[in-house]
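Reader: Could you walk me through how to read a sheet, and then a pocket?

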Amino acid sequence: MNPATALATVLVDELVRCGLTDVVVSPGSRSAPLALALHADSRVRLHVRIDERSASYLALGLAKRSERPVVLICSSGTATANFHPAVIEASESGVPLLVLTADRPPELRGTGANQTIDQLKLYGTAVRWFAELGVPEERPGQVAYWRSLACRAYQRALGPSDPGPVHLNLAFREPLIPDGDTTWCEPLDADGPWVRARVAPPPVALHLPPTRRGVLVVGDGAANVRRYIAAAGMAGWPVLSEPNGGGRYGDHAVSTYHYLLGTPEFADAHRPEVVVTLGRPGLSRPLLSWLKRADEHIVVSTDLARWPDPTRSATQVAQAVEIPVASGDDGWLHAWRTADAAARTAIDEVLDASGLSEPRLARDLVDALPNGALLFCGSSMPIRDLDQAMRPRRGIRLLANRGASGIDGLVSTAMGAALAHNGPSFALVGDLSFLHDQNGLILGPREPRPDLCLVVVNNDGGGIFSLLPQASLRDPFERVFGTPHGVDLGYVAAATGTPYTLVTDASELPKAMRGEGPRVVEVRTDREANAAVHAQLRDTAQSAVRAAL
């Protein structure tokens, strides 16, 4: 057996023994040993994509939804560079990825050899760990090295306290395909995982003094959400959860906090004694400003080396917090609920009268989802529309790429998340995000096909900029920020044979969402009208909050 085939066979076998179930591969010559070993192993589900960027985001979506490491493989050269954006997102959002890049052997590096670049520590600090395996050789001791390294890489990607991407660079000499010989100088098999990693005991929780004037804030990537929601309920605390935080449900959920805290009179009168933050909040500027005013701001982070605190307002950081039951006056929670109900009524009245607006689409889409559904949301306006318009509800899973909050790779991420989800899947993305990753619609005839409905909001450009100060610069705005494209999305869908539906009225949405497999639903809106609806929502909701006070 040639050394390249031996290394690939052992590495794949050990990763499967560790728990690997999904692998994403892009075609290439230097990575042939890995691709062939995976194709021959029926224990893994293989996904092949012709575009490395699309492949990397597909793996990101698979790993994000499954919460298990997914292997991502490519050939040498610039193929490896196309993984970088997804590696950054995985790092910032704590998603376990195992990136295996094939490389030329050392004697070909720095010589101008074809498809050869410097791949050592290519992704810098965006990975949790990097290792260069070295060129495989037929000598005793190699199997122990390969298997122990595979275990270390898998467990480091998994965490458990700080999951994220791991990069292994594999230098292969030719021959790159099996030579028909099955002999090797030592046994290649193993009975189980070479190294069995043990999870450390849970950390000792920080005990808080009883108080009614507390608030639980839930952002992206929060862990143990249900336990903290239950504790906040016993303590009489309101819960302010971003849609992708997973905590917008139950009697204590305050879904209109963006408007409540954007009303100075309410924010001034509801300064908390303590705020406990889970995950990474970052959607609402009023919320972020209000966090600075808490007497005590406690950030819960499983990894004390990397805690989120964008407002620089954290007074304590703990791996776990114990929220005690608080007795006494219930006026604190009642005040939040009363203001929330008033704002919700005002918001719904505006949306119901707005026609097919973007915030109404976000609200109605969530309401129409069946229990057990997954919703993947775009990182720019769609997730903000959900944050400001979505009503509390149970029974759905909502994900977004909010680690680095880029608009790239969203179609592929949604595809990957749908493939890992046991149930119907949906996505809400903008037109620029859709066009940025239209290659995500390309599926080979033998590839697993997700049950995914992509709802695309098409306002012919960058809608979020119409809500920012740049919109006042009328002369350069449309070309530099609005970026109209004029693309007919129906033809984009047709190019890949993806079923397509155009929705022109809000009542058409539930029917358009039905179906199986990948499909596209387009909703066309106007950027200026959308900005006007957002302004009306803000003014009407804040007036209702003031009246409730």
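Author: Happy to. Strands of a sheet pair through backbone hydrogen bonds, in either a parallel or an antiparallel way. In this predicted model, six strands form an open sheet in the order β2-β1-β3-β4-β6-β5, with parallel pairing.

Reader: Which strands stand at the edges?

Author: β2 (45-48) and β5 (129-132) do; each has a single partner strand, so one side of each lacks a neighbour in the sheet. On average, neighbouring strands are turned by 20 degrees against each other, ignoring direction.

Reader: How many bridges join β4 to β6?

Author: Six bridges link β4 (residues 97-103) with β6 (residues 166-171), and the two run parallel. Across that pair, L100 stands opposite L168 in β6.

Reader: And which strands does helix α1 touch?

Author: α1 (residues 3-18) packs on the sheet and touches β3 (70-74), β4 and β6, its direction making about 180 degrees with that of β4. Helix α3 (residues 52-66) packs on the sheet too, touching β1 (22-25), β2, β3 and β4, at about 170 degrees to the direction of β3.

Reader: Now the pockets. What volume does the second largest pocket have?

Author: Rolling a probe the size of a water molecule over the atoms shows where empty space is left. Here, the second largest pocket has a volume of about 610 Å³. Of its 21 lining residues, H258, R285, Q388, L467 and L468 are the closest to the centre.

Reader: Which element gives the largest share of that lining?

Author: α19, with five residues. By class, the lining of this pocket has eleven nonpolar, seven polar and three charged residues.

How values were computed: Residues numbered from 1 in each chain as written. Predicted model: local features only at pLDDT ≥ 70, side-chain atom pairs only at ≥ 80, totals over all residues. Heavy atoms only, no water. 1 Å grid on protein atoms, 1.4 Å probe; cavity = no way out; pocket = protein on both sides within 12 Å on 5 of 7 lines; lining within 4 Å. Points joined across faces, edges and corners; volume = space filled by probe spheres on them. Helix = DSSP H or I, 4+ residues; strand = E, 2+ residues; numbered from the N terminus. Nonpolar A, V, L, I, M, F, W, Y, C, P; charged D, E, K, R; others polar. Pairing = 2+ DSSP bridges. Axes fitted to C-alpha atoms, helices over the stretch in contact; angles between N-to-C directions. Contact = heavy atoms within 4.5 Å.
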